[in-house]
Amino acid sequence: MGNAQDKPPGAGGGGGRSDQATAGSGARGRAGGSAEKAQTHKASEKRVANGRENSPAGGPGQQGSPAVDTSYLDVPSGALPPHLARLKNEGNHLFKHGQFGDAVEKYTHAIDGCAEAGIDSPEDLCILYSNRAACYLKDGNSTDCIQDCTKALELQPYSLKALLRRAIAYESLERYKKAYVDYKTVLQIDTGVQAAHDSVHRITKMLIEQDGPGWRENLPDIPVVPLSVQQHHREKPISVEVAQARAARAAQEEVRKKEACFTLLKREGNDLVKKGHFQEALQKYNECLSLKSDECALYTNRAICFLKLNHFEEAKRDCDSALQLEPSNKKAFYRRALAYKGLQDYLSASSDLQEVLQLDPNVREAEQELEVVTGLLRQSLMDSSAHTPRV
């Protein structure tokens, strides 16, 4: 977390559980029992590292048992001394595995350790408080989350994660005005935080309903984030996880925009067909197909336009494409039959119309068209016979 965990956790309801109260009280001071805990914990870690965790009476580990990788515990962390960095790394590991109560204890030990060792590192302490706040938030303890975020922000006034987590906690407690202020502050620092945008829109609607048109007058002052802070945040290198999350969000947004554009163009094309504006509708369907080339209905719809414009070969090709996507599509068979009829290929038209009636014997238009095509086929055969010289 801090440096390792880059996504703010989801909000829960207010009020913590009994184990959170125990962890919270640990943050405010403990007696000598904490030293015994630390020693027990160190002994446990040593057993894990030596492969003796599962051995009876602390004897040698079993042959072939998998070694436990604890190298992540020794990763340096800012200005924290090794034993406190280790506690923070343990907390991060526990958080990632959903053990939020245990993670709270680790962060609490680290925070207390900083005070005992006289460590003056606002950035590291801010991260520890913010990380512990994330645990409280995950466990639904919004009140303690707000307290820890506020402590973090006293140390680093524009910590993005602390602001965002406090905003989520405020919103979960229905303290919407304070949540709105924190979300707007977040967006001054980083306009790309989509969760903050969504929450601002949601809370704005609530506040308008609650306070009417003058809802802004009742808001606390929104702090102005200095340009230097905004610039520093933009220049700050981002982690792999954040980069991946941003890329995923950008891809999702691109898909959403593409889908919205596609839906609009298709609806416009359908409306133009109903009005008999087939050339204009043709252009709309062309644009649709440039966005999504695997939707059968686009080909059958565009085939209508080609038929009305007497472009029978193009209509046939579109029906062929539709049938490749959906081999039993009645509309594609029927409209291809009309295209064959326009091309005077009455035998193929008859075959497609019979296919329609096999799929659905109740298609009255296909029955009527089959009678017409059969007559045209008979006439063409008679004409062909009349013009064939006898040998």
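Q: What is the mean pLDDT of the chain, and where is the pLDDT below 50?
A: Where pLDDT is low, the predicted coordinates should not be read in detail. In this chain the mean pLDDT is 83, with 80% of residues reaching 70 or more. Residues 1-63 have a pLDDT below 50, and this stretch has 92 contacts in the model beyond near neighbours in sequence.

Q: At what angle do helix 3 and helix 4 pack?
A: Helix 3 (residues 82-96) packs against helix 4 (residues 100-117) at an angle of about 160°, and their axes are 8 Å apart. Because angles over 145 degrees count as roughly antiparallel, helix 3 is roughly antiparallel to helix 4. Their crossing is left-handed.

Q: Which residues of helix 3 and helix 4 meet?
A: From helix 3 the contact includes Leu-84, Leu-87, Leu-94 and Phe-95, and from helix 4 it includes Phe-100, Ala-103, Tyr-107 and Cys-114. The residues of this contact divide into nine nonpolar, four polar and four charged.

Q: Is Tyr-176 buried or exposed?
A: Burial is judged by relative accessible area, with under 20% counting as buried. Tyr-176, found in helix 8 (residues 176-189), has 17% relative accessibility and therefore counts as buried.

Q: Which residues does Tyr-176 touch, leaving out those up to four places away in sequence?
A: Tyr-176 touches Glu-171, Ile-203, Met-206, Leu-207 and Gln-210.

Methods. Residues are numbered from 1 along each chain as its sequence is written. This is a predicted model: local features need pLDDT of at least 70, side-chain atom pairs count only at pLDDT 80 or more; totals for chains, interfaces and linings use all residues. Side-chain values use heavy atoms; hydrogens and water are left out. Axes are lines fitted to C-alpha atoms, for helices over the stretch in contact, and angles run from 0 to 180 degrees between N-to-C directions. Helices (H or I, at least four residues) and strands (E, at least two) are DSSP runs, numbered from the N terminus. Angles under 35 degrees count as roughly parallel, over 145 as roughly antiparallel, 65 to 115 as roughly perpendicular and the rest as oblique. A crossing is left-handed if the near helix is turned anticlockwise from the far one by less than a right angle, and right-handed if clockwise. Contact means heavy atoms within 4.5 Å. Ala, Val, Leu, Ile, Met, Phe, Trp, Tyr, Cys and Pro count as nonpolar, Asp, Glu, Lys and Arg as charged, and the others, Gly among them, as polar. pLDDT is the predictor's confidence in each residue, from 0 to 100. Buried means under 20% relative accessible area, exposed over 50%, partly exposed in between (1.4 Å probe, protein chains only).
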